[in-house]
Amino acid sequence: MSTPIANIDYEKFVLSAMLLRDGEIVPDIAAILKPEDFYRPEHRIIFNAILQIDASKDTPVNMLTLVNFLNDSKDEHGVSFVDKVGVDYLFSLPQVAHTTAYATFYAKDIKDKSDLRKISTIANKIATDANSGLKSPLDIIAESATHFSAFSNIQNSRISDVGKYLMKDFWQDVETQKAYSLRSTGFSNIDKYQIFSPGLYVLGAIPACGKTTFAWQLAEQLAITGENCIFCSYEMSRLELASKTIARQLFIDNPNSSLTSAQIRKGGWSNHISNIVNDFFHQNYNLRIIELQNETVDDLLKILRPLCSNVDKAPVVFIDYLQIMPSNNVNTKLAIDDSVRKLKLFQRETNTTFIVVSSLNRTNYCAPVSFESFKESGNIEYTADVIWALQLYVMNTFKDGTGISQIRKTVDDAKKQQPRQLQLKCLKNRQGSNYDSFFFYYSAFDYFQPCDESDFEEVEGPPEKISVPVEDERDQ
């Protein structure tokens, strides 16, 4: 029989010390230990009772209040906790410690033993999974990372004394944050206003505004500047996304290009495509695609954890898109709230930057974008650090009293325009103030070109030098 990873004498000493001087040392021990850190079940019951007595502030923490509390508390079967612990065992505690001097030292040892037991359990599970041969190495690694992360979350919870923090770590954190002021999205009209710090960014738009194309172009531009980018796609394949890259670069190099991404996927070719593919390959940009199908947010985070943890540069992760991410929750609002909350917690833990694509309510398809436009917007509105919304610029031109049929006709005409005139509204910005940016969107060529609002006044159709082919694009 193996020896347990525990020190029972230290556990008894700490519990005994917590009963001295009316619980004077309870807050210090509570900052180190949780009930589950104790090896013996009786010790977990006693420790939890001491914490509850201390939290009530009604009575001091001593042997009398502990006995009374345990006697009045019962488990689900109606058994008194005094009986579960044992009266004799309970009354033996005051004889163990006569000072609190060593209590925090022993508490840290108890914590170390608890952590070692957790590590041992995880290691045994890894060995069992590996020996069974029923799981792939990648599955075992992903699951193990999740287990270790849950374990490390306990260790990494920080309680900071503000004065000490200001003296010691504040300026180091400021220097880290300052580095993000040099980060560039590749869109000059966004960089003018936005400090692209790690956080949860949500990008919403109605169909035909190119939110997937915008996100993919943003991912490419960030990768070109040296960022580590991961594009998680629930809808588009790597073929569809990569063909957007080629079509866009063809158009940038030659605005008279006639090859769209759809035509490239059907075998359309030109000599220039070979050069684009070769250049992209040899630049070795850190841009990866993860194609997803039935993965829930928990499944996705298992995949991302080893890619986002303990890396030199935390990645920028794109998720396309929020509303089609599967969930075990049949309530759509609760499912979206749960996904957003888990993404934000993961983002904070790993210092990742999330760009999450979101659809908008159908009822807002013919109205200017706002917080109400986002489907089930409760948690998006409160949890996101930055909220972007793309809309057709024509949405700003409607006056009160304009009929819905006229609005729909105007919107349909605006969707047919090449290039389309789009406005990106920043509805929320924890890194600064809200702002508007403007773009020409060449939908046939998957290209967003920054511009000024005044440029829209001069555009009534496609520029003469651009030949726009019929496009059967599917752009979410």
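This is a predicted model: local features need pLDDT of at least 70, side-chain atom pairs count only at pLDDT 80 or more; totals for chains, interfaces and linings use all residues.

Student: Now for strand β2: how many of its residues are buried?

Tutor: Side chains in a regular strand alternate between the two faces of the sheet. In β2, Cys-229, Phe-231 and Ser-233 point one way, Ile-230 and Cys-232 point the other way, and all are buried. The strand is therefore largely enclosed by the rest of the structure, and the count of buried residues is 5 of the 5.

Student: Which strands pair with β2, and in which sense, parallel or antiparallel?

Tutor: Strand β3 (residues 287–291) pairs with β2 over 5 bridges, with Phe-231 having Ile-289 as its bridge partner. Strand β4 (residues 316–320) also pairs with β2 over 5 bridges, and there Cys-229 stands opposite Val-316.

Student: How far apart in sequence are the parts tied together by Lys-342 and Asp-298?

Tutor: These two residues form a salt bridge, with the closest N and O atoms 3.0 Å apart. Lys-342 lies in helix α17 (residues 332–350) and Asp-298 in helix α16 (residues 297–308), so the parts they tie together are separated in sequence by 44 residues.

Student: Arg-430 forms a salt bridge with Asp-385. Is Asp-385 buried or exposed?

Tutor: The closest N and O atoms of this pair are 2.9 Å apart. Arg-430 has 47% relative accessibility and so counts as partly exposed. Buried means under 20% relative accessible area. Asp-385 has a relative accessible area of 7%, so Asp-385 is buried.

Student: What about the pair Lys-135 and Asp-129: what is the N to O distance in their salt bridge?

Tutor: Lys-135 counts as partly exposed at 31% relative accessibility, whereas Asp-129 is buried at 13%. Their side chains meet in a salt bridge with an N to O distance of 3.7 Å.

Student: Which residues are linked in a network of salt bridges?

Tutor: The structure holds 20 salt bridges. The residues linked in a network are Asp-37, Lys-111, Asp-115 and Lys-118.

Key
Residues are numbered from 1 along each chain as its sequence is written. Side-chain values use heavy atoms; hydrogens and water are left out. Buried means under 20% relative accessible area, exposed over 50%, partly exposed in between (1.4 Å probe, protein chains only). Helices (H or I, at least four residues) and strands (E, at least two) are DSSP runs, numbered from the N terminus. Two strands pair if DSSP finds at least two bridges between them. A salt bridge is a side-chain nitrogen of Lys or Arg within 4 Å of a carboxyl oxygen of Asp or Glu.
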